[in-house]
Amino acid sequence: MVNKSVLVLGGGIAGVASSLRLAVNGFKVYLVEREPTIGGAALFFCCKATEACNQCSVCLVPEKIAEVKAQPQISLLTNSQVAEISGQVGDFSVRLIQRPRFVDPEKCTACGVCAELCPSQPNKAIYLPSPQALPYAYAIDKNNCLHFNGVECNICSQECPFGAIDFDRSPEKIELSVDAIIIATGFDVFNAKEKGCLGYGRYTNVLTGLDLERKFSTQGSITLPSSGKAPQNVAFIQCVGSRDVHIGNGYCSQICCKYAMRFAKLLQYQHPETKITIFYMDLQTAGKGFGEFYQQCKETIRFVRGIPVEISEISPDELEVKYEDFIEGKVAKEIFDLVILSVGITPRKDSSNIARILGINLGEWGFFDTQDHLDSTETNVEGIFVAGTCHGPKDIPESIAHGAQAASKVIQTLAARGI
Ligand SMILES: Cc1cc2nc3c(=O)[nH]c(=O)nc-3n(C[C@H](O)[C@H](O)[C@H](O)COP(=O)(O)OP(=O)(O)OC[C@H]3O[C@@H](n4cnc5c(N)ncnc54)[C@H](O)[C@@H]3O)c2cc1C
């Protein structure tokens with residue numbers, strides 16, 4: 001057993017991969033996550049298999065979470081954030097603040113009695129973050145809970161058969177000493193409302209890729225929000241919030257072409273009569289087997305090289321898309337009943353705050369930067385490394401590989417310094 005410890009900040013798939021690689025090498029890992037469960041964004045995404053697996057990799061997330069659960073070297077600190085860091089490689093002091101969950105994960109059996117009785121509407125204030133959550137326990141959303149908003153409600157704490165709920169918990173300070181730090185704080189999804197001309201938030205049948213992930217994972221299919229009918233004629237619009245220097249995101253998000261094509265295939269699998277058009281500037285089809293998948297998609301999906309400049313709602317089920325057709329060299333208009341905006345990855349809003357606390361640099365587009373372009377994990381501060389999408393856009397397999405790479409770099413660095 002090695003007598004060394006590492007703080008991994010962020011429990012998405014990249015942070016999980018780093019933690020597992022370190023743990024199997026005998027390191028003590030503190031996996032710090034600000035939400036009530038680890039898993040990150042992809043924990044809430046859907047499997048995009050049709051009659052065959054379409055390699056979206058979403059199933060890797062619960063698999064890796066199960067590995068964390070079985071790994072005694074990893075201490076999970078959920079609902080937690082870093083307040084202060086000092087020291088250097090081999091001797092970092094970290095102060096964390098852990099917000100109360102108000103449900104003791106050791107006592108909670110996730111029986112669900114609390115949520116059944118919770119009177120908060122429309123969403124229950126006490127909830128299981130995900131069926132694959134780790135810790136597998138309920139949590140209370142303070143903003144939504146009557147008890148914390150001036151109403152004398154104690155129903156859940158009185159009725160919990162295991163006495164797991166305690167409203168009187170306060171935030172706790174946790175002090176840790178670690179040899180190295182991996183930052184794996186992930187990404188924010190581009191806010192499609194920033195592209196006002198595309199009507200997101202104004203037109204009922206304009207959705208984003210993230211909405212599709214959530215609808216497919218909770219309902220298993222998609223219908224028109226306006227009428228509940230099956231969609232007949234769907235447009236996907238690529239590069240919403242990516243490759244766009246006017247909004248400060250000049251990079252490719254790497255993931256949108258893939259999820260859009262997989263969703264398009266899934267939609268046609270469920271509704272073979274549905275027509276689908278994908279509007280794109282440039283297609284990102286890199287990755288094992290994806291070129292062949294694109295060729296298959298072209299058999300039933302129409303690809304138009306052009307940029308939609310405006311969407312207008314003619315009626316709730318008729319959206320007029322006005323676009324610049326690059327091949328024909330003209331502006332054209334077409335009607336669709338559902339438009340999906342393929343939103344991309346942006347740096348987290350609080351990246352500059354984390355960069356300030358840790359003394360690390362941000363790169364051109366606001367993701368965490370690395371020292372050496374031949375090594376994508378080492379930051380300008382020795383002993384602090386980055387993993388996953390907080391360093392730049394990546395899909396799930398790439399985030400896992402990058403997380404493992406950051407862990408290997410920690411192991412090498414500490415060994416080289418004789419720590
Ligand atoms: C719409 C959409 C669809 C996608 N579909 C697919 C797909 O089908 N297949 C695929 O391979 N990829 C897909 N992706 C990409 C996939 O989501 C990412 O590759 C993956 O989630 C990256 O993992 P991560 O760990 O880097 O980041 P995240 O998943 O963002 O995880 C970061 C974690 O860090 C936590 N955190 C953040 N800040 C702090 C802090 N200060 N302190 C403590 N914790 C913190 C967050 O709460 C989060 O749990 C999609 C992306 C989008 C936007």
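The C-alpha centres of domain 1 and domain 2 lie 31 Å apart. Domain 1 covers 5-99 + 171-186 + 348-416, and domain 2 covers 191-345; such bounds come from an automatic or database domain assignment. What you're looking at is a predicted model, where local features need pLDDT of at least 70 and side-chain atom pairs count only at pLDDT 80 or more, while totals for chains, interfaces and linings use all residues. Residues are numbered from 1 along each chain as its sequence is written.

**Where the domains touch**

- Domain 1 puts 14 residues into the contact, and domain 2 puts in 21 residues. Two residues are in contact if their C-beta atoms, placed from the backbone, lie within 7 Å.
- On the side of domain 1 that touches domain 2, there are six nonpolar, four polar and four charged residues. Here Ala, Val, Leu, Ile, Met, Phe, Trp, Tyr, Cys and Pro count as nonpolar, Asp, Glu, Lys and Arg as charged, and the others, Gly among them, as polar.

**Around the ligand**

- The ligand is surrounded by 39 residues, and the closest are Gly10, Gly12, Gly40, Gly186 and Gly388. To be near a molecule or strand, a residue needs its C-beta atom, placed from the backbone, within 6 Å of it.
- Helix H1 (13-24), strand S10 (187-189), helix H5 (209-219) and helix H9 (396-416) are the elements that give two or more residues to this shell. Helices (H or I, at least four residues) and strands (E, at least two) are DSSP runs, numbered from the N terminus.
- Both domains take part, as domain 1 and domain 2 each supply at least three residues of the shell.
- Sorted by class, the shell holds 19 nonpolar, 13 polar and seven charged residues.

**H1 and its two partners**

- H1 packs against H9 at an angle of about 40°, with their axes 7 Å apart. Axes are lines fitted to C-alpha atoms, for helices over the stretch in contact, and angles run from 0 to 180 degrees between N-to-C directions.
- That angle makes H1 oblique to H9. Angles under 35 degrees count as roughly parallel, over 145 as roughly antiparallel, 65 to 115 as roughly perpendicular and the rest as oblique.
- H1 and H9 make a right-handed crossing. A crossing is left-handed if the near helix is turned anticlockwise from the far one by less than a right angle, and right-handed if clockwise.
- Among the residues making this contact are Ile13, Gly15 and Arg21 of H1, along with Ile396, His402 and Val410 of H9. The contact of H1 with H9 splits into 11 nonpolar, six polar and one charged.
- H1 also packs with helix H2 (residues 60-69), at an angle of about 40° and with their axes 10 Å apart. That makes H1 oblique to H2, and the crossing of this pair is left-handed.
- H1 brings Ile13, Val16, Ala17, Ser19 and Leu20 to the contact, and H2 brings Val61, Lys64, Ile65, Glu67 and Val68. By class, that gives seven nonpolar, one polar and two charged.

**H6 against H7**

- Helix H6 (residues 256-270) and helix H7 (residues 290-300) have their axes 11 Å apart and pack at an angle of about 45°. That makes H6 oblique to H7, and H6 passes H7 in a left-handed crossing.
- From H6 come Lys258, Met261, Ala264, Lys265 and Gln268, and they meet Phe290, Phe293, Tyr294, Cys297 and Thr300 of H7. This contact counts six nonpolar, two polar and two charged residues.

- Most residues other than glycine have a negative phi, and most peptide bonds are trans.
- Glutamine 121 and proline 122 are joined by a cis peptide bond, with omega about -5°. Proline 122 sits in the loop between helix H3 (113-117) and strand S6 (126-127).
- Leucine 134 and proline 135 are also joined by a cis peptide bond, with omega about 0°. You'll find proline 135 in the loop between S6 and strand S7 (139-140).
- Glutamine 55, a residue other than glycine, has a positive phi near 55°. Look for glutamine 55 in the loop between strand S2 (28-32) and H2.
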